[in-house]
Amino acid sequence: SGREVCPKRTESCTGACIGTKTGHAVMSQVKSARKSRTDFMFDHPKHFYARVDHEISAAKEKAHKEGKKLAVRMNVFSDVPHEHIAPQLFQKHHDVQFYDYTKVHGRTKHPNMPKNYHLTASSTGTNGPNNNWKSTRAHLDRGGVAAMVFGSRPGKGNRPAEGLPTHVHDAETGKQYRVIDGDEHDHRHLDKQIHGIPDNEGVIAGLHFKTPGGSWKAPAVAKGGDFVVHVHNHIPGKTESH
């Protein structure tokens, strides 16, 4: 779109972005539609958020009829601080669970964050010049949830997924952080409840690396760069060190 919607993106995460490199994102009509929606948000924010409000209301009504609670992910291929731009959405829809991933880790510490908005800190890896491990570690130490992409191959068809590590070990502090399979679902706000993790314990939602086009050949894997954290021999139960 020419508008920056991921202010903390790195070269590596841009190269591996599922918003532009995988699935329907490679289709020109999908790219065009996403660009149009982004332009709409920047050029006509009042009308854009009115439309979002309307769609949330309709989805909430449908969920309630089915005896369910609605969860809304505001960002998918973006990192827009909606809590600052449209706080009225969270106030009006106080019975909706909003959630997002963000590389702008300062957002996770905002004192006036809506109580119904859960933010997961996104990792840019643990090595390389653009890694944000220290801020990710700080978020974990506050009991937060962080998403980290590991260099393990996802399952496909009859082929099972390669193993994720059980923990991430921080060599500087000696601390270990539990890793769960973040590909089981997208509801990071439920991770601790589902896995019985105490509120004060930080946890890493481990994600398998989704390569462009699903290829696991060297050029495709290389696009992940330092964004993807190495896993020792893809052995389940092996602790990953930094």
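I began with strand β3 (residues 117-122), where five of the six residues are buried (under 20% relative accessible area, with a 1.4 Å probe and protein chains only), so the strand is largely enclosed by the rest of the structure. I took helices (H or I, at least four residues) and strands (E, at least two) as DSSP runs, numbered from the N terminus. This is a predicted model, in which local features need pLDDT of at least 70 and side-chain atom pairs count only at pLDDT 80 or more, while totals for chains, interfaces and linings use all residues. Residues are numbered from 1 along each chain as its sequence is written, and side-chain values use heavy atoms, with hydrogens and water left out.

I then looked up the pairing, which requires that DSSP find at least two bridges between two strands. Strand β2 (residues 97-102) runs parallel to β3 over five bridges, and I noted histidine 118 in β3 as the bridge partner of tyrosine 99. Strand β4 (residues 145-150) is also parallel to β3, joined by two bridges, with alanine 121 opposite alanine 146 in β4.

**Lysine 210**

I next found lysine 210 in the loop between β7 (203-208) and α9 (218-222). Lysine 210 counts as partly exposed at 32% relative accessibility, the class between 20% and 50%. Its side chain makes a polar contact of 2.5 Å with the side chain of aspartate 183 (a pair of N or O atoms within 3.5 Å; within protein, one must be able to donate a hydrogen and the other to accept it, and residues adjacent in sequence count only if both atoms are side-chain atoms). The side chain of lysine 210 also reaches the backbone oxygen of histidine 208 at 3.0 Å.
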